Amino acid sequence: MAIADDVPVDGASPAPGKEAPVRWGLREWLMLVVVCGAFSLDALDNIMVGIATPQIKDEFNMSTSAAQWVVSAYVLGFGGFLLLGGRMADLLGKRRVFLTGLTVLAVGSLAGGLATSGFMVVAGRLVMGIGAALTAPSALSIIVGNFPEGPQRNRAVGIYTACGAVGYSIGVVVGGALTEASWRWTFMLSVPVAVAALVGALALVPKDPAHDGGKRHYDAAGAVTVTAAMLLIVYGIVQAPTEGWFSAPTLGVLAVAVLLLAVFAVIESRAPQPLLRLGLLRNKSLVGASLIAAAILGTYMSYQFIGSLYLQTYRGWSPLEMAFAFLPIGLMILTFAPRAGKWLGRTGLRWPIFGGMFAYAVAFLLFFRVGEGSSYWLMVLPSMLLIGIGFPFAFTAANVQATNGVDESEQGLAAGILQTGYQVGAAVVLAVVTVRMGNEDDTADRPALLDGYHQGTWVIIAIAAVSALAVPLAALAARRRTATAPAARRAVAVDERSAESAGHSAG
């Protein structure tokens, strides 16, 4: 896992004295509000509808396996179309794809809110996920394209992180409150928000540059192949806890996905304008940031899953009580995220990632202590506060690292790769945690329930600890490469001089 070198993120030497303040005009602030509002909406949708799923299940008499697709369909659409959405932003224009994504998101939300069957709800969620797959990479690439690398971009990405936290923190509370009235409001609320963001983007986001007139190659074969592969990967992962990781359906789906990825690699190596330039995957900073992203969101979503079960199923808390219990995480992220960008300029990217993942590991260790009558204030709240501190630093640094140094023409694709890391990581880690927890249906066996929570927590402790440990190991490897490079160059020079001398002697 490659982590960026511990230098100022704009690549320059640190200036003496205090860092120059970042000043923006009203238009920059309003554009940032619009773009970050769409990111908040993605988080808001995911959380609100997740809370409303039991009520949807009851209204349409859905089975448990069918009801889980209310959540999984969104992940399927989001994760499956992210790479395509990112590349579309590069080829068709960031603003154009952003506006399209908001429109698709509004349509999916309206369809879900007006649904008359469980199938229509799931279909609406799939469309919402596709809309989010268009808005997420284009939103980040709009920020990258309009705020120069360095302090300005760091601050903008920090605010972007904070807005995501607003979506997650408000989502649990608003989702709980709206579900008390009707689950349909958890869909319908997104419609006016998406329309408002659409109007704001039309007025404030700069228009895409005019096409140079050259012929565009859209690599349709690559787009179809990679989208099908990503859909199958996410589908296989989501179904694995139900079907079994080594069952024929799961192995068959994942095998076809791997085959499609191999075909995709061949197509991209021969395409004149590939959907994904394979050389981009040799960018260690981008790949490392995507792996960190998978750990950040995978462990957090799994912690939220375990914590929700513990508080609601085991302790008997209502959805609204549980929502307020998780609120401190969002409030802490909202407090620290706008300041995280300034810290990146002082420390580089490596140590905020290390500090964030280390805080995660400690937080999960603290939560591991929960038992039959554990106090929320002494046993649960401390872990949430640590997560709220660690998340904004690790998340902001990963977003900056993924896009720094990437050519403007590939910023959308880089953002798509990063977002794929987040979504696939969340699906994979949660699936592994679910398997590790075992059967949670027997609520009468309380010791078994508690043991399942502990087993699942061990998984996220291990992932967070390994991710934190990877940072100093990467630093050590970078120092060794730096130390050996001059010696290697000297050895090459000696060999060249020796060869030259031998040639003169032979002459």
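C36 is buried in this predicted model, with a relative accessible area of 0%. Let's start with this cysteine and its neighbour, then visit the nonpolar core and a pair of helices.

**Cysteines**
- A search of the whole structure turns up 0 disulfides, and C36 is in no disulfide.
- The nearest cysteine sulfur to C36 belongs to C163, 4.1 Å away.

**The largest nonpolar core**
- This core has 144 residues.
- The members that touch the most other members are I143, Y303, Y310, M357, Y360 and Y453.
- Helix α1, residues 26-59, gives the most to the core, with 16 residues.
- If we leave aside neighbours within four places in sequence, Y310 is in contact with R315, F367, V370, G371, S374, V380, L450 and Y453.

**Helices α12 and α13**
- Helix α12 covers residues 350-367 and helix α13 covers residues 376-403.
- How do their axes meet? They come within 7 Å and cross at roughly 155°.
- Because angles over 145 degrees count as roughly antiparallel, α12 is roughly antiparallel to α13.
- The crossing of these two helices is left-handed.
- On the α12 side, the residues making the contact include P352, G356, M357, Y360 and F367.
- On the α13 side, M379, P382, L386, G390 and Q401 are among them.

Definitions and conventions
Residues numbered from 1 in each chain as written. Predicted model: local features only at pLDDT ≥ 70, side-chain atom pairs only at ≥ 80, totals over all residues. Heavy atoms only, no water. Core = buried A, V, L, I, M, F, W, Y, C linked by side-chain atoms within 4.5 Å. Buried < 20%, exposed > 50% of the residue type's maximum accessible area, 1.4 Å probe, protein only. Helix = DSSP H or I, 4+ residues; strand = E, 2+ residues; numbered from the N terminus. Contact = heavy atoms within 4.5 Å. Disulfide = S-S within 2.5 Å. Axes fitted to C-alpha atoms, helices over the stretch in contact; angles between N-to-C directions. Parallel < 35°, antiparallel > 145°, perpendicular 65-115°, else oblique. Left-handed = near helix turned anticlockwise from the far one by under 90°.
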